[in-house]
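User: I'd like to learn how to read a helix and its surroundings in a model like this. Can you walk me through it?

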Amino acid sequence: MQASDVVASKGQDRQPERLTHRRFRYTVRVILRDPLAFFSVLVIIVLIVLALFGPWIAPYPEQGKGRTNVPERFDPPSAKYWLGADQLGRDVLSRIIIGSSIALQVPMIVVILAVAVGAPLGALAGYAGGWLDNLIMRLTDLFLAFPSLLLAVAIVAALGPGLTNAMLAIAISWWPWYTRLVRGVTLSLRERYFVEAARSIGVPDRTIILRHILPNCVTPILVQATVDFGTVILAEGSLAFIGLGTQPPAPDWGLMVSQGRSYILDQWWISTFPGLAIFISVLAFNLLGDTLRDILDPRQYR
Amino acid sequence: MLAKLDYILKRLVMSALVLLGLSVITFTLARVVPSNPAALYIGPRARPEQIETITVKLGLDKPLYVQYLYYLRDALRGDLQTSIATKRPVVQEITERLPSSLELLAVGMTMATLIGIILGALSARFQGSSLDVLVRILSLVGVSLPAFWLALLLQIAFYRHLGWFPITSRLDTTLRFTHPIEPITGLYLFDSLVTGNWVAFKDAAWHIVLPAVTLAAYPTGLVARMTRATMLEVLSQDYIRTARAYGVGELFITGVHALKNALGPTLTVVGLSLAYALTGTFFVELVFNWPGLGTFTVHSLLKVDYPAIMGVTLFAAVGYVIINLIVDLLQAWIDPRISLS
């Protein structure tokens, strides 16, 4: 029996699933063909543009940032105020546009924090094994035993309301997911031949983790992060709705829905449109995440 | 048999440890993080004697680990301090409002599980059909909708424009005098049904529809997606093909063979969506003026009623762990492979 028979029979001779240039271009092509995925990417691009260039795009930027206009309060949607004016006369459309920067910044920071803390811990746990693995896993299980929004609410209650505290709170309830994810990938990669080969020629563990294991985690992390963007937007909007997130007069979408709640039956546009913005954003990220998951790793990392 | 007992024991021990760890986290948030816990527990206009009393009661002058033991002892005794806003024990506030929230959760989650499983199963069975596409779109929409927004939309549509359903509280105020519901369990639907109070039952049912639907949206989407995914896997298995070859009816195959095997992961998802439903009650109860634990929590948050907030957090977390434990044990009972693995 030759060495190649042994390798083939163990089925470990395939290349690891890295996010290569070729896979990336394949992904892009698939997305451009599928109408739903294309729509979601479009929405996200629009969001990014609005977030970056909001003050120049919004018809009434100062109102977007909070300047009141009481004489025209409760104006219904018209040619002047496309989505109507709220209870202080501010243009709802402008506020939504300016608020998009908050809506995108929060998930970005939260996801970066969560990955920065969770991924290394997961790689460490999966690679080292033993008591370290056990310890980190128990810690993860502990945090995951909390309903995430409940933990976030309690943290904000302890720290005080505000955007930064809300972001911190959501990030603290989020990191365990990434730890579990990366640990799973690490465990499956640890036994692969290329890792064993690297170890046998004396490559230090730290280099193995950085150079071989973590790059293979990029794909599942990317898929999870895309969906998480949507979920974090929802979480932050929810916190803002109960008054624990951004404070007025910031044009946070969840806050706008909350402020329009008392007028919902007659001046419905004040709450409806910001909520619609949240819904469409979350929908787009969920759709994109689903598509990415179907393309990049259908079964491997479920 | 022994393997099953072993599994049950292991799960129980793990849950106990998790509960302990949970208490450490809530303790840290409740007593360690704030810079002046005494003031938070007594309120802004505290007199020196009150601060003295609370410092002794919570052991705030003692080292942290002793404070934790005080915390644990109080929690195990059922003492979650006194609410600043209402001046009553937090535990009392919780037990008074628990039935309302439980009723809402029960109706919502039951709806979500049943509808989600049925839709998911049908979607998998008729994969590729327009029904499948519809279910997939609806599930995606369901998990993307902000609960508070959906609540408001339903209010506009079904109350303002159609006038079909009421949008506040659990019962019409006049009925409290004309057809009062006997407080057996606190669950209006159950109590009125059991005592034959049809008028109140119909009214309570009418009041619970919109809030329950709002709460059920996300879990339904989640359950439908998971059921569909697992069913697709199961339906491609050999034993299904064998059953078909034997001439077993399609309905029986889908409804019994396939569903039984697909139920496992679905149950996990039900447990997960329960977490969402739990925190969802904050928004749903708030918008529909439902007198439950959710509204109480939100009001306490706004008033910074610290003992109430921390008490409810601990209570909700513990409840969630216990329910998850039950779900896990149920799963092990349904799917013997779990306890034997």
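User: What covers the buried residues of α7(A)?

Analyst: First, some ground rules. This is a predicted model, where local features need pLDDT of at least 70, side-chain atom pairs count only at pLDDT 80 or more, and totals for chains, interfaces and linings use all residues. Residues are numbered from 1 along each chain as its sequence is written, while chains are lettered from A and ligands numbered from 1 in the order in which they are written. Helices (H or I, at least four residues) and strands (E, at least two) are DSSP runs, numbered from the N terminus. A residue is buried if 20 or more other C-beta atoms lie within 10 Å of its own, exposed if 12 or fewer, and partly exposed in between, with C-beta atoms placed from the backbone. Contact means such C-beta atoms within 7 Å. Here, the cover of α7(A) includes α8 (163-190) and α10 (205-241) of chain A, along with α1, α12, α13 and α14 of chain B.

User: How many of the residues of α7(A) are buried?

Analyst: 11 of the 12 are, so the helix is largely enclosed by the rest of the structure. Among them are Ser148(A), Leu149(A) and Val153(A).

User: Which residues touch the most other members of the largest nonpolar core?

Analyst: In soluble globular proteins, nonpolar side chains tend to be buried together. A nonpolar core is a set of buried Ala, Val, Leu, Ile, Met, Phe, Trp, Tyr and Cys residues joined through C-beta atoms within 7 Å. The largest one has 168 residues, and Ala152(A), Ile170(A) and Ala151(B) touch the most other members. Helix α10 (residues 198-235) of chain B gives this core its largest share, 17 residues. Leaving out residues up to four places away in sequence, Ala152(A) touches Ala169(A), Ile170(A), Ser173(A), Ala235(A) and Leu239(A).

User: How many residues of chain B are in contact with chain A?

Analyst: 33 residues of chain B meet 34 of chain A. The elements giving two or more residues to chain B's side include α1 (2-32), α12 (250-287) and α14 (306-334) of chain B. As for confidence, the predictor gives the complex an ipTM of 0.85 and a pTM of 0.86. Chain B averages a pLDDT (the predictor's confidence in each residue, from 0 to 100) of 84.

Conventions: Two residues are in contact if their C-beta atoms, placed from the backbone, lie within 7 Å.
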